[in-house]
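Subject: Structure handover

Hi,

Here is the structure I promised to pass on. Please open it next to this email and follow along.

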Amino acid sequence: MNVISCYKIVPDEQDIVVLQDRNLSLERAEWKIGQYDLNAVEVGMQIVEAVGGKVSALSVGDKQLENSKLKKGILSRGPEELFLVVDERLGNADAYLTAKALKAGIDKIGSFDLVLCGEGSGDLYSQQVGIQLGELLNVPTLNAVSKITPAGDKLVVERTLENEIEVLEVMLPAVISVTTDINQPRIPSMKNILAAGKKTVTQWGLSDLGTEGIQKPTEILSTLAPEQVDRKQIIFEGDSEEVVQKLFENIQKELL
Amino acid sequence: MSKIKKVWVIAEKESALAQLCAGGRQLGEEVAAVVLGTKEETGKAITMGADTVYWLGEFKPENRMEDYVKTVLELLKQERPDLLMVQPTKRGKLIAGRLAASMGTSVLVDAAKIKIDEKVQVTHLVYGGAAFRTEQSLTETTIVTVGAGVYTALPEDTSRQGNVISVDYLEPSNKVKLLEKKTKPSATVNLGAAKRVVGVGRGIANQEDIKIAEELAEQIGAEVGCSRPIAEGVNWLPTERYIGVSGAILKPEVYLAVGISGQVQHLVGVNQAKVIIAVNKDKAAPIFKHADYGIVGDLYKVLPLLIEKFKANK
């Protein structure tokens, strides 16, 4: 099976700084592979280990993507090859623009049986890109998939919804977004990391894909840290009966 | 606040449809509900605030709601509403996303606030809850998902009149075949609507100890929620119970955090609570900076004492 696993690189939340005016600064942020995307890579690896084939990784974004540690990071988890679409305009892309750029990359790669995405990106978590990509590629697309069993030119998948699990038969090619509990992504070994440096990386710009005209259909007006809510901050120390009694009285007061 | 003209709403559940209809009435001049269900349900949508119902027909068990995307898309292209609001269930997200892709836009997801200022401006959380982002769509139709609690349902008004328009079903081109439906052992819990919530975190050492928190919750008439690791790390509680940026967002009167350290991703789920109470043995836990009342102590000692006191007080 010819599998393409998509991923996004995101700023590490720990490094996001809230400025005086409540704006955010990502200047000092380390970039990392979105944690939920590792599940999509792992699913791809398990499928080709079971039925044969090849996993390629694909990402779109700005020049942060060119970071060699991140390229090695994704390839050390198993994919044979890496494709990148790099353009400044993709740095703050929304779901539609991201899906458009991924589609352009996939069209250039040529063919696929299965495209895998994670549950959502690690930074914006809109859970939309896989869905949009499937629709733009005009193939069946599903979210919330928690189990995949290849069955010839089809997949049998389980989709975990709020109150039920659907068992579905999906014709390939397809785009599937998987849940975080579908697997436990493997930890790359030293050997995997060394081997990753020797794998092929192909990088395109939007103009190489004939998509330099694509536009972002949404606009960001502001991104601000939430205003702090004033709290009473009455904190007691200790777990004796007397201390708990004080807390109890305060809770009682609030419950009335 | 100025108003837009046409607002459409799609929801899987009736309670969500009622909230979205109420939101639609605030934001727009006309509200249309897209309904897949019985004739009675179309009437219900009108009493809940819709002026028009686009009726997709009765639900057939061999079909899935997603099979109607093509039908709804054609209708959207024809009627061009200013705003489409969708309930963010897994199905709702899939439907909204597929519609948006075909309409050439992105879904503005999980709206915490919607404001009309010429365009539809949508505010939602990003970066794991570190910030609220406000965005607008540059296309004619804005598509948003709106979760529970953003709007309050209007009282049902049986005197309301509306149009029911039957819509012909269009066969989808990429249909997925439903083989089987399994029931999921899930607690039907609506944390978003709970007035009081007890949240448990990794300060709880064993799965069976969650019952201490449950007992306390019972004493004060609260629901039990949890931090992400409890639901998606050790799987001690179902994901429906997890609170935080990708889980439930609460607006209770009282939130009692037990053994929760208070990571930003969790705090965004609770910081709209009127009162926050924290029990944690780590004095440096960030939760204390966001608490009205707290105890720095062992929850295994504090909780049983609290339970005893509430029992004695009844």
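Which residue is the bridge partner of B:Val126 in β8(B)? It is B:Ala131. Keep in mind that this is a predicted model.

**The sheet around that pair**

Strand β7 (residues 119-126) of chain B pairs with strand β8 (residues 131-137) of chain B. The two are antiparallel, and six bridges hold the pairing. On to the next pair. β6(B) and β7(B) are also joined in the antiparallel sense, over five bridges. One of these links is between B:Asp117 and B:Lys119, its bridge partner in β7(B). β6(B) and β7(B) form a hairpin, with one residue between them. Look at B:Glu118 in the turn: its phi is positive, about 65°.

Now zoom out. These strands belong to an open sheet of four strands, in the order β14(A)-β8(B)-β7(B)-β6(B). The pairing is antiparallel. Which strands sit at the edges? They are β14 of chain A and β6 (113-117) of chain B, and each pairs on one side only. From one strand to the next, the twist averages 25°.

**Where the chains meet**

How many residues of each chain take part in the contact? 66 residues of chain A touch 64 residues of chain B. On the chain A side, several elements give two or more residues, among them α3 (95-109), β9 (141-151), β14 (218-224) and α6 (241-255). The largest share comes from α6(A), with nine residues. By class, that side of chain A has 35 nonpolar, 15 polar and 16 charged residues.

β11(A) runs antiparallel to strand β11 (residues 177-183) of chain B, and six bridges join them. Within β11(B), B:Glu180 stands opposite A:Val167.

**A helix in chain B**

Next, find helix α4 (residues 90-103) of chain B. Does its length agree with what its residue count predicts, or disagree? Its 14 residues, at 1.5 Å each, should span 20 Å; the end C-alpha atoms are 20 Å apart, so the two agree. Is the helix largely enclosed or open? 12 of its 14 residues are buried, so the rest of the structure largely encloses α4(B). The buried residues include B:Arg91, B:Ile95, B:Leu99 and B:Met103. Just after the helix, B:Gly104 has a positive phi of about 75°.

**Domains of chain B**

The domain assignment gives chain B two entries: domain 1 (4-166) and domain 2 (191-312). Their centres, taken over C-alpha atoms, are 33 Å apart. Seven residues of domain 1 of chain B and nine residues of domain 2 of chain B make the contact. The domain 1 side has three nonpolar residues, four polar residues and no charged residues.

**Chain A as a whole**

Last, chain A. Its secondary structure comes to six helices and 15 strands. The C-alpha trace spans about 70 × 40 × 40 Å along its principal axes. Of the 256 residues of chain A, 45% count as buried. Take the contacts in chain A with a separation of 6 or more: 71% of them join residues 24 or more positions apart.

Best wishes

Conventions. Residues numbered from 1 in each chain as written. Chains lettered and ligands numbered in written order. Predicted model: local features only at pLDDT ≥ 70, side-chain atom pairs only at ≥ 80, totals over all residues. Contact = placed C-beta atoms within 7 Å. Nonpolar A, V, L, I, M, F, W, Y, C, P; charged D, E, K, R; others polar. Pairing = 2+ DSSP bridges. Axes fitted to C-alpha atoms, helices over the stretch in contact; angles between N-to-C directions. Expected span 1.5 Å × (residues − 1). Buried ≥ 20, exposed ≤ 12 C-beta atoms within 10 Å, placed from the backbone. Domains from an automatic or database assignment.
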